[in-house]
There are 2 protein chains.
Amino acid sequence: MTAQQDIPSRMVYIVSDGTGITAEALARSILSQFNLAYSRIYIPFVDTLKKAQTARLQIQAEFDRTGIPPIVFSTLVIQELVDEIHLAKALHLDVIQPFIEPLKQELGIAPKQEIGLSHQNMENEEYKLRMEAINFTLEHDDGISEQNLQEADVILIGVSRSGKTPTSLYLAMQYGLKVANYPLIPDDFDRKVLPASLLAQKQKLFGLTIQPERLSKVRNERRPNSHYASLGNCQYEVAEAERLMLMNGVQFLSSTSKSIEEISTAIVSRMRAYSTQSINLSADSIAHFNLK
Amino acid sequence: MTAQQDIPSRMVYIVSDGTGITAEALARSILSQFNLAYSRIYIPFVDTLKKAQTARLQIQAEFDRTGIPPIVFSTLVIQELVDEIHLAKALHLDVIQPFIEPLKQELGIAPKQEIGLSHQNMENEEYKLRMEAINFTLEHDDGISEQNLQEADVILIGVSRSGKTPTSLYLAMQYGLKVANYPLIPDDFDRKVLPASLLAQKQKLFGLTIQPERLSKVRNERRPNSHYASLGNCQYEVAEAERLMLMNGVQFLSSTSKSIEEISTAIVSRMRAYSTQSINLSADSIAHFNLK
């Protein structure tokens, strides 16, 4: 704690007419460029003047209490609501508004100034595909089912606890991909060949590997002092898994020092150069990489 | 398709020194304000001048081919890379850079100008909590286990196919919450009371409901022409589930016209006024709502 005493500290407000999830992600990216300690307060669903007034009073009260201007990230699109929030004494960083005008100029069309356009709901076709991807991924976690494996967009392989499950779920949620994952176990190493059901889908296979030391640590949290978690066994499994993937021409990457976001993006990016897809924004859509 | 012929169309590039996920989310929010048809091309991990040059050439080639300036959303933080991308003929929307200078002025500290600060990796404590939340949530999906239910941050209840599973996973991934979910079934309706194990955790319960017509449609995709999917049965189940939740004082919301992002944010926001949390950004952290 003592080391942090000279780091400046601020209160950060995330104000959104929707969920605030985008504003939060951008705020984190921007603030990560500064050595700053901060607390975040989320004020989502600010879609009426009344709610904007409440938010403004809350922000102003923080300034009145501390004398230090809070930092306000907002994604409001209705000018009246923007103006209301701006009445509070704070550093206001509007993360949508500044980009509307240049786009309007470039496109020669007027913005809609409507709230809640960026999220899909259940009626939307792309949203349905995303939900199907999540269901498929859950049903094909950890090799539990080989049914409809040919429908998978990606099949992840790797030793137990190499990060397959969270990566699979993230790929489904973020990219709408149907992902199966399959644990590589000592039986596979003894046979020295991947299961036939996987080899039949070879172009969809992608491997995850991990530093044995890291793996041992993760496994020890789960099953302390087991053979399964021992460094020796982890070294053996990782070496065998990597050999198996190399022998079968399966590309793989190490999850050791990567976030699931980074692993997922790298997988999508490596499996195929990014393909393009036509989207009509009036039927809002998720980022979709075509891996077929 | 004919209705779309007068909608302007553009190529959109998402250029990032990281995954591009934040840039993509913001681009979608901003573009949703315009009635525009567009194709997206993702160029992630642009962290060297060489990669920036390749990206610049790709964007320029698109302009040379069509004569129409593409739209480029970028989250680059190294000035040299920004400058390189700007050489391409396009509408450049830098979504991080414009906010660095005002923050620098306000805080009186210099930005780091470093790449890759906004994602956590496996060594990070908060990241570990998020992975634990995902594992917990998977292990407590669909009432499969009541073990360690007291460790849950949220327990979702609702009839089959009301959106519990994707919402649970999203809450775990985005907010690092441990979520259990439990299907309400005819046995519960007959007993007219929630299971004792759930009532013991009443303050954590949150219900999802859904329009019977919508539910019937969703279930019919899964099990066509079944009693389970029939409108009559869906009406019965939804009415009984809502009655059970009302009788037990469990707050609930309808998932019918909401995205999982919206449902998740609404749950977090309703279960407790947003609480604050001190964060030192040098140990990067996820958005964490304290529900305890």
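This is a predicted model: local features need pLDDT of at least 70, side-chain atom pairs count only at pLDDT 80 or more; totals for chains, interfaces and linings use all residues.

I started with helix 9 (residues 212-222) of chain B and helix 10 (residues 231-247) of chain B, which pack at about 125 degrees with their axes 8 Å apart. Axes here are lines fitted to C-alpha atoms, over the stretch in contact for helices, and angles run from 0 to 180 degrees between N-to-C directions. Helices are DSSP runs of H or I with at least four residues, numbered from the N terminus. Helix 9 of chain B and helix 10 of chain B are therefore oblique to each other. I noted the cut-offs: under 35 degrees is roughly parallel, over 145 roughly antiparallel, 65 to 115 roughly perpendicular, and the rest oblique.

Residues are numbered from 1 along each chain as its sequence is written, and chains are lettered from A and ligands numbered from 1 in the order in which they are written.

Which residues meet in this pair? On helix 9 of chain B I found Pro212(B), Glu213(B), Leu215(B), Ser216(B) and Arg219(B), and on helix 10 of chain B Leu231(B), Cys234(B), Gln235(B) and Val238(B). Contact means C-beta atoms, placed from the backbone, within 7 Å. By class, that contact has five nonpolar, two polar and two charged residues. (Nonpolar is Ala, Val, Leu, Ile, Met, Phe, Trp, Tyr, Cys and Pro; charged is Asp, Glu, Lys and Arg; the others, Gly among them, are polar.)

Next I went across the chains. Helix 1 (residues 21-31) of chain A packs with helix 1 (residues 21-31) of chain B at about 135 degrees, axes 9 Å apart. These two helices are therefore oblique to each other too. Thr22(A), Ala25(A), Leu26(A) and Ser29(A) meet Thr22(B), Ala25(B), Leu26(B) and Ser29(B). I get four nonpolar, four polar and no charged residues there.

Then back to chain B: the axes of helix 5 (residues 125-139) and helix 6 (residues 164-175) come within 8 Å and cross at roughly 165 degrees. Helix 5 of chain B and helix 6 of chain B are therefore roughly antiparallel. Ala133(B), Ile134(B) and Thr137(B) of helix 5 make the contact with Ser168(B), Leu169(B), Ala172(B) and Met173(B) of helix 6.

Last, I checked confidence. The predictor gives the complex an ipTM of 0.80 and a pTM of 0.82.

Technical notes: Two residues are in contact if their C-beta atoms, placed from the backbone, lie within 7 Å.
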